[in-house]
Amino acid sequence: MKVHNPMISYHSLEGGKSDRVMGVDAHPDVCDGIVVFATVGGGGSGEVRIWSIAPGDEQPKFRSALAKGHDGSVNCARWAPDGCRLASAGDRGTVCLWRGGSDAAWWCELDEKNERARCDHLNHADDVYDVAWSPCGKWLLTGAIDGSATVWDTCSRRPVKVLRDHAHYIQGVCWDPLGNYLATASSDRSLKVYELPPKWHASKKNLKTTTVRWWTDPHELPQKKGKKTAEEPKAKPRSALFASETAHASFFRRLCASADGSLIITPGAASKEGQRGSVTLHKAQLDRGPVSFLPSPDGSATACRACPALVDGTQSSLVAVCAHDAVAVYDVTKNTPCALASGLHYAALTDAAWAADASLLVVASADGYLSFLRFEPGDLGAKCAAPPRVLLPAGLDDLPRAPPAPAKDDDVVLVGVTPAPPQAPSTPGGAVPASPAGSAKKKKRIAPTLLAPPTPVKSPAKSPAKEPAPEPTEAPPAKKKKRIAPTLLQPVP
(Lines give C-alpha, C1' and ligand atoms only; values in the text may rest on other atoms or scores of the structure.)
Protein backbone atom coordinates (compact mmCIF):
# COMPACT_ATOMS: atom_id res chain seq x y z
CA MET A 1 0.00 0.00 0.00
CA LYS A 2 1.26 3.47 -0.91
CA VAL A 3 -0.03 6.67 0.69
CA HIS A 4 0.20 10.13 -0.91
CA ASN A 5 -0.88 13.38 0.70
CA PRO A 6 -0.31 16.19 -1.83
CA MET A 7 -0.50 19.76 -0.53
CA ILE A 8 -3.22 21.01 -2.87
CA SER A 9 -5.93 23.48 -1.91
CA TYR A 10 -9.03 21.76 -3.26
CA HIS A 11 -11.42 24.46 -2.06
CA SER A 12 -10.18 27.93 -1.11
CA LEU A 13 -11.56 30.67 1.09
CA GLU A 14 -10.99 34.39 0.92
CA GLY A 15 -7.37 35.16 1.67
CA GLY A 16 -6.03 31.97 0.13
CA LYS A 17 -6.78 29.66 3.04
CA SER A 18 -7.87 26.09 2.39
CA ASP A 19 -11.52 25.33 2.97
CA ARG A 20 -12.82 22.17 4.61
CA VAL A 21 -13.47 19.21 2.33
CA MET A 22 -16.83 17.89 3.50
CA GLY A 23 -17.35 15.08 1.00
CA VAL A 24 -15.75 13.08 -1.79
CA ASP A 25 -17.00 10.43 -4.19
CA ALA A 26 -15.50 8.58 -7.17
CA HIS A 27 -17.11 8.11 -10.57
CA PRO A 28 -18.21 4.50 -11.23
CA ASP A 29 -16.36 4.48 -14.56
CA VAL A 30 -12.59 3.79 -14.54
CA CYS A 31 -10.89 4.06 -17.94
CA ASP A 32 -7.21 3.08 -18.29
CA GLY A 33 -6.81 3.29 -14.53
CA ILE A 34 -7.78 7.00 -14.39
CA VAL A 35 -10.06 7.70 -11.43
CA VAL A 36 -12.39 10.71 -11.60
CA PHE A 37 -13.77 12.02 -8.32
CA ALA A 38 -15.77 15.00 -7.03
CA THR A 39 -15.13 17.11 -3.92
CA VAL A 40 -17.33 19.58 -2.04
CA GLY A 41 -16.29 22.28 0.41
CA GLY A 42 -17.75 23.70 3.58
CA GLY A 43 -17.28 27.36 2.69
CA GLY A 44 -19.68 29.69 0.96
CA SER A 45 -18.50 29.19 -2.63
CA GLY A 46 -20.99 26.37 -3.26
CA GLU A 47 -18.88 24.72 -5.94
CA VAL A 48 -18.59 21.03 -6.77
CA ARG A 49 -15.17 20.37 -8.29
CA ILE A 50 -14.18 17.49 -10.54
CA TRP A 51 -10.66 15.98 -10.34
CA SER A 52 -8.82 13.06 -11.91
CA ILE A 53 -5.73 11.06 -10.99
CA ALA A 54 -3.78 8.63 -13.18
CA PRO A 55 -2.18 5.39 -11.94
CA GLY A 56 1.38 6.76 -11.89
CA ASP A 57 0.55 10.25 -10.57
CA GLU A 58 0.86 11.39 -6.97
CA GLN A 59 -1.16 14.58 -7.44
CA PRO A 60 -4.64 14.91 -8.97
CA LYS A 61 -5.50 17.28 -11.79
CA PHE A 62 -8.30 19.81 -11.67
CA ARG A 63 -10.79 19.22 -14.47
CA SER A 64 -13.94 21.31 -14.06
CA ALA A 65 -16.20 23.06 -11.57
CA LEU A 66 -19.97 22.85 -11.19
CA ALA A 67 -21.02 26.28 -9.99
CA LYS A 68 -24.22 28.29 -9.48
CA GLY A 69 -26.03 25.40 -7.87
CA HIS A 70 -25.57 26.02 -4.15
CA ASP A 71 -25.74 29.22 -2.16
CA GLY A 72 -23.79 27.99 0.86
CA SER A 73 -21.84 25.10 2.29
CA VAL A 74 -22.00 21.79 0.37
CA ASN A 75 -21.92 18.78 2.69
CA CYS A 76 -22.07 15.73 0.43
CA ALA A 77 -21.78 14.54 -3.18
CA ARG A 78 -22.66 11.13 -4.61
CA TRP A 79 -22.57 9.77 -8.17
CA ALA A 80 -25.51 7.78 -9.48
CA PRO A 81 -24.85 4.12 -10.36
CA ASP A 82 -25.13 4.91 -14.08
CA GLY A 83 -22.53 7.69 -13.80
CA CYS A 84 -24.54 10.29 -15.74
CA ARG A 85 -25.84 12.12 -12.66
CA LEU A 86 -24.21 13.65 -9.60
CA ALA A 87 -26.20 14.60 -6.50
CA SER A 88 -24.84 17.28 -4.18
CA ALA A 89 -26.51 18.46 -0.97
CA GLY A 90 -25.77 21.28 1.41
CA ASP A 91 -27.08 23.93 3.72
CA ARG A 92 -30.39 25.74 3.32
CA GLY A 93 -32.00 22.53 2.11
CA THR A 94 -30.58 22.66 -1.41
CA VAL A 95 -30.05 19.39 -3.30
CA CYS A 96 -28.67 19.65 -6.86
CA LEU A 97 -28.94 16.95 -9.52
CA TRP A 98 -26.22 17.49 -12.12
CA ARG A 99 -26.90 15.65 -15.40
CA GLY A 100 -24.31 14.83 -18.02
CA GLY A 101 -22.58 11.97 -19.81
CA SER A 102 -22.29 8.48 -18.38
CA ASP A 103 -18.54 8.16 -18.96
CA ALA A 104 -15.96 9.85 -16.76
CA ALA A 105 -14.28 11.58 -19.73
CA TRP A 106 -17.37 13.75 -20.32
CA TRP A 107 -17.12 15.27 -16.84
CA CYS A 108 -13.40 15.91 -17.25
CA GLU A 109 -13.82 17.88 -20.48
CA LEU A 110 -16.52 20.33 -19.40
CA ASP A 111 -14.24 23.37 -19.31
CA GLU A 112 -12.39 22.43 -22.50
CA LYS A 113 -15.60 21.99 -24.51
CA ASN A 114 -17.28 24.98 -22.84
CA GLU A 115 -20.21 22.82 -21.81
CA ARG A 116 -22.30 22.90 -18.69
CA ALA A 117 -24.03 20.14 -16.80
CA ARG A 118 -27.77 20.55 -16.41
CA CYS A 119 -28.78 21.26 -12.82
CA ASP A 120 -32.13 20.33 -11.27
CA HIS A 121 -33.03 21.30 -7.71
CA LEU A 122 -34.76 19.43 -4.90
CA ASN A 123 -35.81 21.66 -2.01
CA HIS A 124 -35.62 20.47 1.59
CA ALA A 125 -36.92 22.34 4.59
CA ASP A 126 -33.50 22.36 6.33
CA ASP A 127 -29.81 21.53 5.90
CA VAL A 128 -29.04 18.17 4.29
CA TYR A 129 -26.08 16.15 5.60
CA ASP A 130 -26.07 13.01 3.48
CA VAL A 131 -27.60 11.47 0.33
CA ALA A 132 -27.77 7.97 -1.16
CA TRP A 133 -28.87 6.69 -4.57
CA SER A 134 -31.05 3.68 -5.16
CA PRO A 135 -29.24 0.88 -7.05
CA CYS A 136 -31.48 1.44 -10.11
CA GLY A 137 -30.71 5.17 -10.12
CA LYS A 138 -34.32 6.39 -10.16
CA TRP A 139 -34.73 7.42 -6.51
CA LEU A 140 -32.60 9.50 -4.17
CA LEU A 141 -32.60 9.34 -0.36
CA THR A 142 -31.72 12.50 1.58
CA GLY A 143 -31.29 13.06 5.31
CA ALA A 144 -31.76 16.50 6.90
CA ILE A 145 -31.18 18.03 10.32
CA ASP A 146 -34.91 18.41 10.91
CA GLY A 147 -35.06 14.65 11.54
CA SER A 148 -36.71 13.76 8.23
CA ALA A 149 -35.49 11.44 5.49
CA THR A 150 -37.04 11.91 2.06
CA VAL A 151 -37.13 9.57 -0.93
CA TRP A 152 -37.26 11.60 -4.15
CA ASP A 153 -38.26 10.61 -7.66
CA THR A 154 -35.43 12.13 -9.67
CA CYS A 155 -37.52 12.21 -12.86
CA SER A 156 -40.48 14.17 -11.52
CA ARG A 157 -38.44 15.81 -8.71
CA ARG A 158 -41.19 15.08 -6.22
CA PRO A 159 -41.00 13.28 -2.88
CA VAL A 160 -42.24 9.68 -2.85
CA LYS A 161 -41.83 8.94 0.86
CA VAL A 162 -41.12 11.22 3.83
CA LEU A 163 -39.83 9.37 6.91
CA ARG A 164 -40.12 11.28 10.19
CA ASP A 165 -39.10 8.69 12.77
CA HIS A 166 -35.97 10.32 14.24
CA ALA A 167 -36.00 12.79 17.11
CA HIS A 168 -32.79 14.63 16.14
CA TYR A 169 -30.41 15.28 13.25
CA ILE A 170 -30.06 12.63 10.54
CA GLN A 171 -26.30 12.38 9.99
CA GLY A 172 -26.09 9.47 7.55
CA VAL A 173 -28.21 7.50 5.07
CA CYS A 174 -27.58 4.45 2.89
CA TRP A 175 -29.41 2.30 0.34
CA ASP A 176 -29.02 -1.44 -0.01
CA PRO A 177 -27.11 -2.30 -3.24
CA LEU A 178 -29.78 -4.92 -3.96
CA GLY A 179 -32.68 -2.52 -3.37
CA ASN A 180 -34.29 -4.39 -0.46
CA TYR A 181 -33.99 -1.79 2.30
CA LEU A 182 -32.68 1.64 3.24
CA ALA A 183 -31.24 2.83 6.57
CA THR A 184 -30.74 6.12 8.43
CA ALA A 185 -28.48 7.02 11.38
CA SER A 186 -29.21 9.94 13.69
CA SER A 187 -27.67 11.82 16.57
CA ASP A 188 -30.55 10.53 18.73
CA ARG A 189 -28.37 7.37 19.05
CA SER A 190 -30.60 5.14 16.94
CA LEU A 191 -30.52 3.35 13.60
CA LYS A 192 -33.66 2.96 11.51
CA VAL A 193 -33.92 0.23 8.85
CA TYR A 194 -36.86 0.42 6.41
CA GLU A 195 -37.90 -2.58 4.34
CA LEU A 196 -38.84 -1.98 0.70
CA PRO A 197 -41.53 -4.39 -0.47
CA PRO A 198 -42.49 -4.70 -4.15
CA LYS A 199 -44.17 -1.54 -5.50
CA TRP A 200 -43.35 0.37 -2.32
CA HIS A 201 -43.13 3.60 -4.32
CA ALA A 202 -46.79 3.35 -5.38
CA SER A 203 -48.17 2.41 -1.96
CA LYS A 204 -49.43 4.92 0.59
CA LYS A 205 -48.70 2.61 3.51
CA ASN A 206 -45.85 3.32 5.89
CA LEU A 207 -42.70 1.29 5.46
CA LYS A 208 -41.96 -1.41 8.00
CA THR A 209 -39.34 0.01 10.37
CA THR A 210 -36.84 -1.70 12.67
CA THR A 211 -35.05 0.40 15.29
CA VAL A 212 -31.63 -0.57 16.62
CA ARG A 213 -30.56 1.29 19.74
CA TRP A 214 -29.17 -1.09 22.39
CA TRP A 215 -26.62 -3.82 22.82
CA THR A 216 -28.54 -7.11 22.96
CA ASP A 217 -27.77 -9.16 26.06
CA PRO A 218 -30.10 -11.64 27.83
CA HIS A 219 -29.03 -10.16 31.18
CA GLU A 220 -29.71 -6.62 30.03
CA LEU A 221 -33.41 -6.60 29.25
CA PRO A 222 -36.03 -4.02 30.17
CA GLN A 223 -37.88 -4.89 33.35
CA LYS A 224 -41.37 -6.26 32.88
CA LYS A 225 -44.36 -4.44 34.28
CA GLY A 226 -46.05 -5.88 37.35
CA LYS A 227 -45.00 -7.07 40.79
CA LYS A 228 -41.53 -8.52 41.20
CA THR A 229 -40.76 -11.56 43.25
CA ALA A 230 -37.80 -11.83 45.59
CA GLU A 231 -36.29 -14.70 43.60
CA GLU A 232 -36.36 -12.78 40.30
CA PRO A 233 -32.91 -11.27 39.58
CA LYS A 234 -32.72 -7.57 38.89
CA ALA A 235 -32.10 -6.65 35.30
CA LYS A 236 -29.04 -4.59 34.55
CA PRO A 237 -29.48 -1.28 32.76
CA ARG A 238 -29.14 -1.61 29.03
CA SER A 239 -26.04 -0.34 27.26
CA ALA A 240 -26.48 2.12 24.40
CA LEU A 241 -25.09 0.93 21.10
CA PHE A 242 -24.15 4.36 19.76
CA ALA A 243 -22.17 7.16 21.34
CA SER A 244 -23.85 10.35 22.46
CA GLU A 245 -23.63 13.60 20.56
CA THR A 246 -21.07 14.91 23.06
CA ALA A 247 -18.78 11.90 22.68
CA HIS A 248 -19.22 11.83 18.90
CA ALA A 249 -17.93 15.29 18.01
CA SER A 250 -18.66 15.17 14.29
CA PHE A 251 -21.31 16.31 11.85
CA PHE A 252 -21.62 12.91 10.22
CA ARG A 253 -22.44 9.28 10.94
CA ARG A 254 -22.13 8.08 7.35
CA LEU A 255 -23.12 4.43 7.30
CA CYS A 256 -22.98 2.01 4.39
CA ALA A 257 -24.12 -1.43 3.28
CA SER A 258 -21.82 -4.22 2.18
CA ALA A 259 -21.44 -5.00 -1.52
CA ASP A 260 -23.81 -7.97 -1.26
CA GLY A 261 -26.34 -6.03 0.86
CA SER A 262 -26.36 -8.49 3.77
CA LEU A 263 -24.55 -6.26 6.31
CA ILE A 264 -24.99 -2.69 7.55
CA ILE A 265 -21.85 -0.99 8.86
CA THR A 266 -22.61 1.99 11.09
CA PRO A 267 -20.04 4.39 12.63
CA GLY A 268 -20.32 6.29 15.88
CA ALA A 269 -20.71 3.15 18.01
CA ALA A 270 -19.39 2.55 21.51
CA SER A 271 -18.67 -0.82 23.14
CA LYS A 272 -19.71 -1.71 26.65
CA GLU A 273 -16.15 -1.03 27.78
CA GLY A 274 -16.26 2.46 26.29
CA GLN A 275 -14.20 1.76 23.17
CA ARG A 276 -15.28 3.68 20.09
CA GLY A 277 -15.66 2.29 16.61
CA SER A 278 -18.23 0.88 14.20
CA VAL A 279 -20.67 -1.99 14.39
CA THR A 280 -21.67 -4.55 11.78
CA LEU A 281 -25.35 -5.57 11.75
CA HIS A 282 -26.87 -8.41 9.76
CA LYS A 283 -30.00 -7.39 7.90
CA ALA A 284 -31.85 -10.62 8.75
CA GLN A 285 -30.85 -10.52 12.46
CA LEU A 286 -31.26 -6.94 13.57
CA ASP A 287 -32.97 -7.99 16.80
CA ARG A 288 -29.90 -9.99 17.86
CA GLY A 289 -27.60 -7.01 17.90
CA PRO A 290 -24.24 -6.45 16.18
CA VAL A 291 -22.44 -9.25 14.43
CA SER A 292 -19.03 -7.69 15.06
CA PHE A 293 -17.43 -4.55 16.47
CA LEU A 294 -14.77 -2.75 14.43
CA PRO A 295 -12.65 -0.69 16.83
CA SER A 296 -11.65 2.77 15.68
CA PRO A 297 -7.89 3.38 15.46
CA ASP A 298 -8.17 6.97 16.70
CA GLY A 299 -11.22 8.57 18.27
CA SER A 300 -14.79 8.13 17.15
CA ALA A 301 -15.60 6.76 13.69
CA THR A 302 -17.30 9.29 11.42
CA ALA A 303 -17.76 7.52 8.07
CA CYS A 304 -17.79 3.99 6.62
CA ARG A 305 -17.49 3.26 2.89
CA ALA A 306 -17.83 -0.29 1.57
CA CYS A 307 -15.56 -1.53 -1.19
CA PRO A 308 -17.54 -2.13 -4.41
CA ALA A 309 -15.74 -5.46 -5.01
CA LEU A 310 -16.03 -8.61 -2.90
CA VAL A 311 -13.08 -10.65 -1.66
CA ASP A 312 -12.72 -13.82 -3.68
CA GLY A 313 -12.96 -17.12 -1.82
CA THR A 314 -14.78 -15.94 1.30
CA GLN A 315 -17.14 -13.58 -0.61
CA SER A 316 -16.78 -11.12 2.25
CA SER A 317 -16.79 -7.35 1.96
CA LEU A 318 -14.15 -4.75 2.71
CA VAL A 319 -15.02 -1.49 4.41
CA ALA A 320 -12.99 1.65 5.07
CA VAL A 321 -13.58 3.21 8.51
CA CYS A 322 -12.63 6.88 8.90
CA ALA A 323 -11.76 8.07 12.40
CA HIS A 324 -10.39 11.34 13.73
CA ASP A 325 -6.91 11.07 12.20
CA ALA A 326 -6.71 7.53 10.83
CA VAL A 327 -8.36 5.30 8.28
CA ALA A 328 -8.54 1.51 8.56
CA VAL A 329 -9.67 -1.07 6.01
CA TYR A 330 -11.47 -4.00 7.61
CA ASP A 331 -12.70 -7.34 6.43
CA VAL A 332 -16.18 -7.38 7.95
CA THR A 333 -15.64 -10.95 9.16
CA LYS A 334 -12.60 -9.92 11.26
CA ASN A 335 -11.97 -7.41 14.04
CA THR A 336 -8.41 -6.55 13.01
CA PRO A 337 -7.72 -4.19 10.08
CA CYS A 338 -5.97 -5.48 7.00
CA ALA A 339 -4.68 -1.97 6.20
CA LEU A 340 -4.12 1.06 8.45
CA ALA A 341 -2.91 4.61 7.82
CA SER A 342 -2.66 7.21 10.60
CA GLY A 343 -1.16 10.64 11.16
CA LEU A 344 -2.31 11.88 7.77
CA HIS A 345 -4.15 15.08 8.64
CA TYR A 346 -4.42 17.81 11.26
CA ALA A 347 -8.21 17.62 11.54
CA ALA A 348 -10.89 14.98 11.61
CA LEU A 349 -11.63 12.88 8.54
CA THR A 350 -15.00 13.56 6.95
CA ASP A 351 -15.50 11.11 4.07
CA ALA A 352 -13.88 8.45 1.87
CA ALA A 353 -14.45 7.03 -1.61
CA TRP A 354 -13.37 3.81 -3.34
CA ALA A 355 -12.46 3.53 -7.00
CA ALA A 356 -14.65 1.13 -8.93
CA ASP A 357 -11.78 -1.34 -9.34
CA ALA A 358 -10.78 -1.04 -5.62
CA SER A 359 -7.28 0.11 -6.57
CA LEU A 360 -7.55 3.53 -4.89
CA LEU A 361 -9.10 4.92 -1.72
CA VAL A 362 -9.56 8.71 -1.46
CA VAL A 363 -9.88 10.15 2.06
CA ALA A 364 -11.14 13.69 2.79
CA SER A 365 -10.40 15.78 5.87
CA ALA A 366 -11.67 18.96 7.49
CA ASP A 367 -8.17 20.48 7.19
CA GLY A 368 -8.83 20.96 3.47
CA TYR A 369 -6.63 18.19 2.05
CA LEU A 370 -7.01 14.70 0.62
CA SER A 371 -5.03 11.49 1.04
CA PHE A 372 -4.72 8.79 -1.61
CA LEU A 373 -4.18 5.14 -0.63
CA ARG A 374 -3.10 2.94 -3.53
CA PHE A 375 -3.37 -0.83 -3.28
CA GLU A 376 -1.34 -3.23 -5.35
CA PRO A 377 -2.80 -6.57 -6.47
CA GLY A 378 -2.80 -8.86 -3.45
CA ASP A 379 -2.69 -6.15 -0.75
CA LEU A 380 -6.36 -6.61 0.12
CA GLY A 381 -6.68 -10.20 -1.06
CA ALA A 382 -7.90 -11.55 -4.35
CA LYS A 383 -10.82 -9.34 -5.41
CA CYS A 384 -13.67 -10.47 -7.58
CA ALA A 385 -16.21 -8.44 -9.52
CA ALA A 386 -18.95 -6.52 -7.77
CA PRO A 387 -22.52 -7.86 -7.74
CA PRO A 388 -24.55 -7.02 -10.87
CA ARG A 389 -26.42 -3.76 -10.97
CA VAL A 390 -30.09 -3.84 -9.98
CA LEU A 391 -32.33 -2.99 -12.92
CA LEU A 392 -35.42 -0.84 -12.80
CA PRO A 393 -38.72 -2.51 -11.90
CA ALA A 394 -41.06 -3.27 -14.76
CA GLY A 395 -43.04 -0.25 -15.90
CA LEU A 396 -40.55 2.36 -14.65
CA ASP A 397 -38.15 4.43 -16.71
CA ASP A 398 -34.79 5.66 -15.53
CA LEU A 399 -35.23 8.99 -17.28
CA PRO A 400 -38.40 10.65 -18.61
CA ARG A 401 -39.17 9.70 -22.18
CA ALA A 402 -41.75 10.79 -24.74
CA PRO A 403 -44.81 8.53 -25.09
CA PRO A 404 -44.58 6.14 -28.06
CA ALA A 405 -46.52 6.97 -31.20
CA PRO A 406 -49.54 4.74 -31.93
CA ALA A 407 -49.22 2.08 -34.60
CA LYS A 408 -50.86 2.56 -37.97
CA ASP A 409 -53.19 -0.38 -37.53
CA ASP A 410 -54.43 0.76 -34.13
CA ASP A 411 -57.81 2.45 -33.86
CA VAL A 412 -57.38 5.88 -32.30
CA VAL A 413 -60.49 7.67 -31.09
CA LEU A 414 -60.19 11.46 -30.96
CA VAL A 415 -62.85 13.56 -29.32
CA GLY A 416 -64.33 16.10 -31.73
CA VAL A 417 -62.50 14.68 -34.80
CA THR A 418 -64.20 12.75 -37.55
CA PRO A 419 -62.39 9.97 -39.38
CA ALA A 420 -61.31 10.43 -42.99
CA PRO A 421 -63.81 9.42 -45.70
CA PRO A 422 -63.53 5.81 -46.80
CA GLN A 423 -62.94 6.66 -50.49
CA ALA A 424 -61.54 9.72 -52.17
CA PRO A 425 -63.21 11.17 -55.29
CA SER A 426 -61.81 9.78 -58.49
CA THR A 427 -60.14 11.85 -61.16
CA PRO A 428 -61.18 11.86 -64.84
CA GLY A 429 -58.40 9.38 -65.57
CA GLY A 430 -59.74 6.98 -62.98
CA ALA A 431 -56.81 7.39 -60.57
CA VAL A 432 -57.36 8.19 -56.96
CA PRO A 433 -55.29 11.14 -55.72
CA ALA A 434 -53.06 10.30 -52.75
CA SER A 435 -53.74 12.33 -49.65
CA PRO A 436 -50.68 14.16 -48.27
CA ALA A 437 -49.11 12.67 -45.15
CA GLY A 438 -50.03 14.36 -41.92
CA SER A 439 -52.96 16.33 -43.40
CA ALA A 440 -55.26 17.93 -40.88
CA LYS A 441 -58.59 16.26 -40.29
CA LYS A 442 -61.86 18.21 -40.51
CA LYS A 443 -63.58 19.04 -37.29
CA LYS A 444 -67.00 17.58 -36.68
CA ARG A 445 -69.84 20.10 -36.48
CA ILE A 446 -72.12 19.38 -33.58
CA ALA A 447 -75.74 20.57 -33.81
CA PRO A 448 -76.82 22.38 -30.64
CA THR A 449 -79.68 20.97 -28.62
CA LEU A 450 -82.33 23.41 -27.37
CA LEU A 451 -82.77 22.95 -23.63
CA ALA A 452 -85.11 25.94 -22.97
CA PRO A 453 -87.11 28.32 -25.23
CA PRO A 454 -85.26 31.54 -25.92
CA THR A 455 -86.42 34.73 -24.26
CA PRO A 456 -87.92 37.18 -26.78
CA VAL A 457 -86.04 40.46 -27.12
CA LYS A 458 -87.85 43.65 -28.21
CA SER A 459 -86.26 45.49 -31.09
CA PRO A 460 -86.03 49.29 -30.78
CA ALA A 461 -86.68 49.88 -34.52
CA LYS A 462 -90.04 49.08 -36.08
CA SER A 463 -90.07 46.85 -39.11
CA PRO A 464 -91.93 48.06 -42.19
CA ALA A 465 -94.05 44.97 -42.48
CA LYS A 466 -95.35 42.87 -39.65
CA GLU A 467 -95.50 39.16 -39.98
CA PRO A 468 -98.68 37.48 -38.87
CA ALA A 469 -98.41 36.14 -35.38
CA PRO A 470 -98.66 32.40 -35.03
CA GLU A 471 -101.92 31.06 -33.80
CA PRO A 472 -101.75 30.09 -30.14
CA THR A 473 -102.28 26.47 -29.38
CA GLU A 474 -104.46 27.33 -26.38
CA ALA A 475 -107.20 30.00 -26.12
CA PRO A 476 -106.07 32.97 -24.06
CA PRO A 477 -108.23 33.95 -21.07
CA ALA A 478 -111.03 36.51 -21.77
CA LYS A 479 -110.20 40.05 -20.72
CA LYS A 480 -112.69 42.23 -18.79
CA LYS A 481 -113.99 45.33 -20.61
CA LYS A 482 -113.03 48.68 -19.17
CA ARG A 483 -115.79 51.24 -18.56
CA ILE A 484 -114.93 54.76 -19.84
CA ALA A 485 -116.84 57.86 -18.57
CA PRO A 486 -118.16 60.10 -21.48
CA THR A 487 -116.90 63.68 -21.84
CA LEU A 488 -119.37 66.49 -22.72
CA LEU A 489 -118.01 68.54 -25.65
CA GLN A 490 -121.08 70.86 -26.25
CA PRO A 491 -124.39 71.50 -24.41
CA VAL A 492 -127.38 69.48 -25.46
CA PRO A 493 -130.34 71.72 -26.78
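Guide: The charged end of Arg254 sits over the ring of Phe252. The distance to the ring centre is 3.8 Å. This is a predicted model, so the value is computed from predicted atoms.

Phe252 is buried, with a relative accessible area of 2%. The ring of Phe252 also pairs with the ring of Phe251. A search of the whole structure finds 12 aromatic pairs. In the pair of Phe251 and Phe252, the ring centres are 6.1 Å apart. The planes stand at 55°, so the pair counts as tilted; edge-to-face would need over 60 degrees. Phe251 is partly exposed, with a relative accessible area of 42%. So Phe252 is buried at 2%, whereas Phe251 is partly exposed at 42%. Elsewhere, Tyr10, Trp51 and Phe62 form one aromatic cluster.

Now follow the numbering onward to strand E18, residues 256–257. E18 belongs to an open sheet of 4 strands. The order is E18-E19-E20-E21, and the pairing is antiparallel. E18 and E21 (292–295) stand at the edges. Each has a single partner strand, so one side of each is left without a neighbour in the sheet.

E18 pairs with E19, residues 263–270, over 2 bridges in the antiparallel sense. Ala257 stands opposite Ile264 in E19.

Ser278 has Leu294 as its bridge partner in E21. Both faces of E21 are covered. Ser292 and Leu294 lie on one side, Phe293 and Pro295 on the other, and all are buried. In a regular strand the side chains alternate between the two faces of the sheet.

E24, residues 326–331, joins E25 through 5 bridges, and the two run antiparallel. Ala326 stands opposite Ser342 in E25.

Next comes a strand with two pairings to describe, E28. It spans residues 370–374. Of its 5 residues, 5 are buried, so E28 is largely enclosed by the rest of the structure. Leu370, Phe372 and Arg374 point one way from E28. Ser371 and Leu373 point the other way, and all are buried.

Strand E1, residues 2–4, pairs with E28 over 3 bridges in the antiparallel sense. Val3 has Leu373 as its bridge partner in E28. Strand E27, residues 360–365, joins E28 through 5 bridges, also antiparallel. Leu361 has Leu373 as its bridge partner there. Strands of a sheet pair through backbone hydrogen bonds, either parallel or antiparallel. The hairpin of E27 and E28 has 4 residues between the strands. In that hairpin, Gly368 takes a positive phi near 95°.

One loop residue is also worth a look. His168 is found between strand E13 (158–163) and strand E14 (170–175). His168 is partly exposed, with a relative accessible area of 29%. Its C-alpha atom is 6.4 Å from that of Ser186, 18 residues away along the chain. Leaving aside neighbours within four places in sequence, His168 is in contact with Gly147, Ser186, Ser187, Asp188 and Glu245.

Last, the whole chain. The protein chain has 2 helices and 28 strands. Buried residues make up 45% of its 493 residues. Among contacts between residues at least 6 apart in sequence, 52% join residues at least 24 apart. The chain exposes about 28,600 Å², and carbon and sulfur atoms supply 54% of that area.

To return to your spot: the charged end of Arg254 sits 3.8 Å from the ring centre of Phe252, and Phe252 itself is buried.

Note on methods: Residues are numbered from 1 along each chain as its sequence is written. This is a predicted model: local features need pLDDT of at least 70, side-chain atom pairs count only at pLDDT 80 or more; totals for chains, interfaces and linings use all residues. Side-chain values use heavy atoms; hydrogens and water are left out. Buried means under 20% relative accessible area, exposed over 50%, partly exposed in between (1.4 Å probe, protein chains only). Contact means heavy atoms within 4.5 Å. Accessible areas come from the Shrake-Rupley method with a 1.4 Å probe; for residues, only the protein chains shown count as cover. Two strands pair if DSSP finds at least two bridges between them. Rings of Phe, Tyr and Trp (its six-membered ring) pair if their centres lie within 6.5 Å; planes under 30 degrees apart count as stacked, over 60 as edge-to-face and the rest as tilted. A charge sits over a ring if NZ of Lys or CZ of Arg is within 6 Å of the ring centre and within 35 degrees of the ring normal.
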